[in-house]
Amino acid sequence: MTPLWLNDAEVPARLRLTPGSRFDTVVIGGGLTGLVTALLLAESGVQVAVVEAKRVGAGTTGATTGKISLLQGTRAQQIRKRHSASTLRDYVTANREGQQWLLRFCAEHGVAVQHQAALTYAQSEDEIGKVRAEFDATRAAGLPTELVDELDVPFPNHGAVRLADQAQADPMAVLAALAAQVESHAAPIYESTTVRGVHSGDNGELTVETEHGDLGARTVVLATGTPILDRGGFFARLTAQRSYLAAFRLTEPIPRDMYISAGQPTRSMRYAPTPDGDVLLVGGNGHPVGRTKSERAKVDDLLSWTRTWFPTAQPMQEWSAQDYSPVGELPYVGPLLPGRENILLGTGYAKWGLTNGVAAALALAGRITGKSTHWADALASWRPNELKALPSAALANGAVAQQLTTGWLRVTTHSSDQVPAEGCGTVERHGLRPTATCTVDGTTTELSAVCPHLYGIVRWNDAERSWDCPLHGSRFAPDGTLLEGPATKPLTPLSPPRPS
């Protein structure tokens, strides 16, 4: 499942890490937050390096829909329920500054941007109240939104809240331009380099331990979607969400604006220009990672919905994305531990990373260079009113505990020697060991079913042919290789792969 944006993306050769190198700041993660942070620091004269486990754009940014919008579904009303009106205004200001910075960068570096209106629409009469609530919240926060009674679109709707002059772009084109600028300031980007840990020395220096050797740094920035270090317990303050997207060729007209539904199941739409003409992107059907009966059914439902309302739609590409929603509704940007400025992080963008991610980078770079912004407190990683998020945190972690318990109970009651069919995976007990067995491309592989992060039992993802942990969203390839999430180690092989 490869994102549309990777079809024509150029992949330049990059430097290999030199063990023992030292930098003022090491940024872990080659997505939008990581690259913008690195660029801002490099422009300020800070010696910086970026370390990316795979390739630039291989994570969430490269799989996003590419919307650069201040109207973000129903985010404003959700934030206002938990926080003050001034905090919501600061959140909007942070996203506006992130949006404006990104649009300026795109204009200055030849990255194509399409300016379109953004709409949050009601799929049914039950969602009209959410549309009106979003209108009220965004107007109070200073956005010039308007209510629209009717939409000229083929799918069911009952009005919308609209914000004019928002933007969309190819996220890989954005990342390619950012990476080129980072490297033009003599800041290296080390790809295919997994970070295994960060340790403090007696002199206050940090050691970044990677698979290719260690790096020294005064400051480390975690820009990895969810923090790969468990210090601070952010894995318990985030919910990992998986959602699906598909690109379609149409012979009928494609709506030009950007749409997202106010309720569930989510339907997110935009057009995207390609060398062969415009295509329609449809996304949605999100769910917590590893907690649905069939990921393939989620994808098929999205395809079916699109064909229903766009009869000429021909699927050309499918993919998925992983995002992290904060229990307190606001992103976490700042120290990993309270009062400690040597390890910083940015996470919890709730699927709106192209504005939040840049805002986070502006705030992170400001902390490091001493140029703080007045709105940064709204995105703080440790807020005085964090107690308000405790009920949501308890609910989220109650679900995690349930998944942990049911996963282990399920595996103790299932034992079989049957080989899974092609493209399938099973979790069963072999002796005393929870074993994850799958058959992919004619090869059967047996792995430990225990996630190395916090020992959840993984589940088979039948859409992406991966092992997904329902606790905190770590994901693994059929051979156990780590794909993403807070885990930093692969699943343990239990026997050599064999032909099925």
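This is a short walk through one predicted model, going from a sheet to a helix, then to salt bridges and a few backbone details.

I'll start with the sheet. Four strands form an open sheet in the order E18-E19-E20-E25, and the pairing is antiparallel. At the edges stand strand E18, residues 424-430, and E25, each with a single partner strand, so one side of each is left without a neighbour in the sheet.

Let me take the pairings in order. E18 and E19 pair in the antiparallel sense over seven bridges.

Strand E19 covers residues 433-440, and its antiparallel pairing with E20 runs over six bridges. How many residues lie between the strands in the hairpin of E19 and E20? There are two, and in this hairpin Asp441 takes a positive phi near 55 degrees.

E20 itself is residues 443-448, and this strand is mostly covered, with five of its six residues buried. On to the last pairing: E20 and strand E25, residues 498-499, are antiparallel too, over two bridges. Here Thr443 has Pro499 in E25 as its bridge partner. As a general point on strands, side chains in a regular strand alternate between the two faces of the sheet.

Next, a helix. H7 spans residues 353-369, which is 17 residues. From its first C-alpha to its last it reaches 23 Å, close to the 24 Å expected at 1.5 Å a residue. Is H7 largely enclosed or largely open? Of its 17 residues, 13 are buried, so the helix is largely enclosed by the rest of the structure. After H7 comes Gly370, with a positive phi near 80 degrees.

Thr64 lies in the loop between strand E2 (48-51) and strand E3 (67-68). Leaving aside residues up to four places away in sequence, Thr64 touches Trp5, Pro171 and Leu354. With a relative accessible area of 16%, Thr64 is buried, because the cut-off for buried is under 20%.

Now the salt bridges. A search of the whole structure finds 21 of them. In one, the side chains of Arg242 and Glu464 meet at 2.8 Å, N to O. This pair links distant parts of the chain, 222 residues apart: Arg242 is in strand E11 (residues 238-249), and Glu464 is in the loop between strand E21 (459-461) and strand E22 (466-468). Both Arg242 and Glu464 are buried.

Glu464 also forms a salt bridge with Arg475, the closest N and O atoms being 3.4 Å apart. Arg475 sits in strand E23 (residues 475-476), eleven residues from Glu464. Arg475 is buried, like Glu464. Which residues do salt bridges with shared partners join into one network here? They are Arg242, Glu464, Asp468, Arg475 and Glu484.

Asp300 forms a salt bridge with Arg296, with the closest N and O atoms 3.0 Å apart. Both lie in helix H6 (residues 295-309), four residues apart, about one turn of the helix. Asp300 is partly exposed at 38% relative accessible area, and Arg296 counts as partly exposed at 24%.

Last, some backbone details. Most residues other than glycine have a negative phi, and most peptide bonds are trans. Against that background, the peptide bond from Gln264 to Pro265 is cis, with omega near -5 degrees. Look for Pro265 in the loop between strand E12 (258-261) and strand E13 (267-272).

Two other loop residues have a positive phi. Ser192 has a phi near 50 degrees, and is found in the loop between strand E7 (189-190) and strand E8 (195-200). At 40% relative accessibility, Ser192 counts as partly exposed. Tyr455 is not a glycine either, and has a positive phi of about 70 degrees. Tyr455 lies in the loop between E20 and E21. With a relative accessible area of 54%, Tyr455 is exposed.

Terms used
Residues numbered from 1 in each chain as written. Heavy atoms only, no water. Buried < 20%, exposed > 50% of the residue type's maximum accessible area, 1.4 Å probe, protein only. Contact = heavy atoms within 4.5 Å. Pairing = 2+ DSSP bridges. Expected span 1.5 Å × (residues − 1). Salt bridge = Lys/Arg side-chain N within 4 Å of Asp/Glu carboxyl O.
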